[in-house]
Amino acid sequence: MNETTAGSILTTEGIPLKVSLQKAERRNKIRAILLVAPLLLFILFTFLIPIGDMLLRSVDDSYINTVFPKTFKEYKKWDRQDLPSEELYKTMFFEVKDSEGYAIGKASTRMNYAKSGWKSLLKKSKRKFKKIEEGPYKEQMIAIDKKWADMEYWKALGVMVDATTAGYYLNAVDLKYNVDKEVVRQKENRRIYNHTWVKTFKVSILVMIFCLMLGYPISYLLSTLPLKYSNLLMICVLLPFWTSLLVRTVAWMVMLQQKGVFNNLLVMSNIIADENRFKLMYNETATIIVMTQILLPFMVLPLYSVMKTISPNYMRAALNLGASPLHAFWKIYMPNSVPGISAGCMLVFILAIGYYITPELVGGKDGQMIGNWIAYHLKTTLNWGLSAALGAILLGVLTVLYWVYNKLVGIENIKLG
Amino acid sequence: MALPSYATTGQRVGWYAFLTYCGLVFFFLIAPIFVILPLSFSSSPFFEFTREFMNFEPEAWSLRWYRQMVGIASVGDTTVVSNKWMLGTRNSFIIGISATFLATALGTVAALGLSRRNMPFKGTIMAILISPMIVPLIITSAGMFFFYSKIGLTHTYLGLILAHTALGTPFVVITVTATLTGFDTNLIRASQSLGADTMRTFFKVIMPLILPGVISGALFAFITSFDEVVVVMFVGSVEQITIPKQMWAGLRQETSPVILCMATCLVALSIALLTTVELLRRRSERLRGIKLRN
């Protein structure tokens with residue numbers, strides 16, 4: 001019934017109104033999309049694709065296959081029971097001899113992750129293979145180095161035959177493939193990452209808790225004071241927020257070092273003796289203190305904006321009805337402020353978990369977090385697969401948290417002062 | 001909520017304890033920043049308050065580190081004075097200002113689209129656009145380092161500007177969308193019905209109203225770029241020194257008090273920016289308040 005009535009209404013151009021409206025709706029939709037498109041594409045190319053590209057590195061194992069294609073093809077025929085045949089030795093021999101030194105170097109670094117010793121073996125062999133003119137190659141290679149007769153080395157190649165590997169992810173949680181491609185734990189002295197993951201979570205949770213403990217009271221104060229005072233005090237929260245991260249870190253170095261302001265004040269006021277100065281710098285304590293101060297504004301801003309909306313009448317009503325101030329706070333004010341607590345805590349935790357600069361500068365050896373290991377493998381060991389795997393796990397954790405945050409708080413409600 | 005006159009002694013004690021605690025927290029937030037200001041005028045090469053310095057003895061106070069910062073060697077000073085700091089300042093401003101312009105333009109336009117009623121997948125797109133703020137810088141830098149080197153953008157100013165633009169846009173999107181909530185769309189209709197085209201409507205009606213948000217977003221984008229060091233280290237070349245990169249190098253290697261001088265300058269800059277943003281925010285609230293009254 002309605003359809004015919006709506007259909008019968010025509011616009012001045014003689015098109016049914018419904019069609020015309022739909023068209024206008026569609027045009028508006030396209031207009032909205034066109035406005036967002038430039039930034040979306042920009043973020044896609046400068047940000048999302050680079051990160052995706054890095055994540056691919058965490059499973060990529062194709063390089064070695066480009067250096068030893070024939071060897072790996074021959075390798076698949078090997079029964080893994082006895083030493084390989086002359087044929088496999090021969091292909092290996094020629095691929096090592098004929099490859100560029102650079103390619104062998106890069107491939108041997110990868111092979112060293114599977115079995116340490118490969119790198120030196122290949123380096124030595126590459127030099128000596130030049131003198132060998134004709135076969136049989138097996139005996140001559142073994143004569144150069146006994147390792148060529150070691151089954152362990154040959155078996156270890158099996159881990160790398162596929163173009164993708166889960167090896168870096170295993171390394172990132174202190175596991176590894178043994179030469180038979182079984183998952184085993186790393187040797188005792190090489191287990192570092194599980195410990196670091198735990199520490200990263202521990203530091204982030206502690207920073208979150210401290211931020212809440214420090215941030216809740218001042219947010220309460222700010223939201224109940226008259227505007228002219230609270231605006232003034234708000235500057236104390238916003239100024240650190242606007243001050244360079246490095247400047248704040250330097251400031252804390254001045255405060256906390258052995259001869260720093262804090263220790264000097266304690267010594268001057270005779271609370272501690274000159275030789276018992278606190279070690280507050282270059283350890284986990286420093287990381288936690290400095291990160292708490294740096295992230296505190298991210299806790300205060302969402303808390304403050306929620307507390308602003310809690311009417312003081314609720315508390316007055318509760319007190320009027322005979323609740324003690326503490327009871328009224330716990331039963332009335334606190335539940336009303338929960339959205340602010342969750343927003344602040346999640347934001348602080350999300351930002352804390354990936355911190356790099358502050359732990360690097362003030363954390364010393366003991367205060368390093370997972371971000372620092374990512375940087376270390378990127379810059380120092382050049383084990384990019386491992387840093388990508390560590391990054392991918394961190395990013396996975398963050399994506400879940402970010403998703404929850406979006407559901408709980410709504411991403412558009414982030415407060416920036 | 002001040003203390004009522006009928007409060008009991010216990011409540012009074014509790015209230016003052018609470019105020020003291022808050023005072024300490026504010027002190028914790030603000031004190032470290034102000035500790036470095038006097039120290040930058042010390043003549044000591046270490047980051048510490050010496051007894052002479054505390055007693056205001058003239059020789060303990062000096063501007064020598066400031067002179068070194070701007071590249072003027074003092075007489076008899078054996079340190080080789082380079083003007084790395086000035087070079088860094090120049091680079092920081094070039095990169096920061098370019099990235100700010102790009103981020104503001106892209107972010108404002110996108111925020112206009114996101115605030116439209118008929119934007120599909122609003123939540124998902126918003127989450128993607130804000131993600132550069134959430135993803136740890138070390139992961140962003142690693143990704144950019146690999147990808148930008150593939151397409152030849154590493155060690156270029158363009159690469160750094162694009163990277164910093166990506167990091168700055170979330171702030172612009174957030175501040176401009178915030179200004180646009182409660183924006184009266186009837187104003188656009190009024191403008192169009194009076195014969196203004198889209199461009200004229202944008203510049204004469206929308207822009208003046210969202211300008212405070214746009215400027216705050218721009219300032220956020222600027223400070224983000226100005227303060228950023230990890231991406232610069234990975235994507236930039238050794239010669240591409242910026243202020244934070246030079247500070248980082250200074251902290252890791254030589255620990256020279258020049259860092260404190262630069263830090264003091266940066267604090268002054270952040271005070272200036274904060275004041276601007278606060279004034280703008282109030283102006284924006286006032287503008288929207290007037291609109292509501294009509």
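**View 1. Domains of chain A.** Domain bounds here come from an automatic or database domain assignment, which for chain A gives domain 1 (2-57), domain 2 (62-190) and domain 3 (193-413). Taken over C-alpha atoms, the centres of domain 1 of chain A and domain 2 of chain A are separated by 55 Å. This is a predicted model, in which local features need pLDDT of at least 70 and side-chain atom pairs count only at pLDDT 80 or more, while totals for chains, interfaces and linings use all residues. Residues are numbered from 1 along each chain as its sequence is written, and chains are lettered from A and ligands numbered from 1 in the order in which they are written.

**View 2. The side of chain A that touches chain B.** Counting two residues as in contact if their C-beta atoms, placed from the backbone, lie within 7 Å, 74 residues of chain A are in contact with 77 residues of chain B. Helix α2 (residues 17-57) of chain A, with 20 residues, gives the most to this side of chain A; helices are DSSP runs of H or I with at least four residues, strands are runs of E with at least two, and both are numbered from the N terminus.

**View 3. The largest nonpolar core.** A nonpolar core is a set of buried Ala, Val, Leu, Ile, Met, Phe, Trp, Tyr and Cys residues joined through C-beta atoms within 7 Å, where a residue is buried if 20 or more other C-beta atoms, placed from the backbone, lie within 10 Å of its own, exposed if 12 or fewer, and partly exposed in between. The largest such core has 162 residues, of which A:Val250, A:Leu295, A:Val348, A:Ala352 and B:Met262 touch the most other members. Helix α15 (residues 284-307) of chain A gives the most to this core, with 16 residues. Not counting residues up to four places away in sequence, A:Val348 touches A:Val207, A:Met208, A:Cys211, A:Leu295, A:Phe298 and A:Met299.

**View 4. Surroundings of B:Ile36.** B:Ile36 has its place in helix α1 (residues 9-39) of chain B, and it is buried because 25 other C-beta atoms lie within 10 Å. Once its neighbours within four places in sequence are left aside, B:Ile36 is in contact with residues of both chains, namely A:Val250, A:Ala251, A:Val254, B:Leu260, B:Ala263 and B:Thr264. From C-alpha to C-alpha, B:Ile36 and B:Leu160 are 30 Å apart in space, and they are 124 residues apart in sequence.
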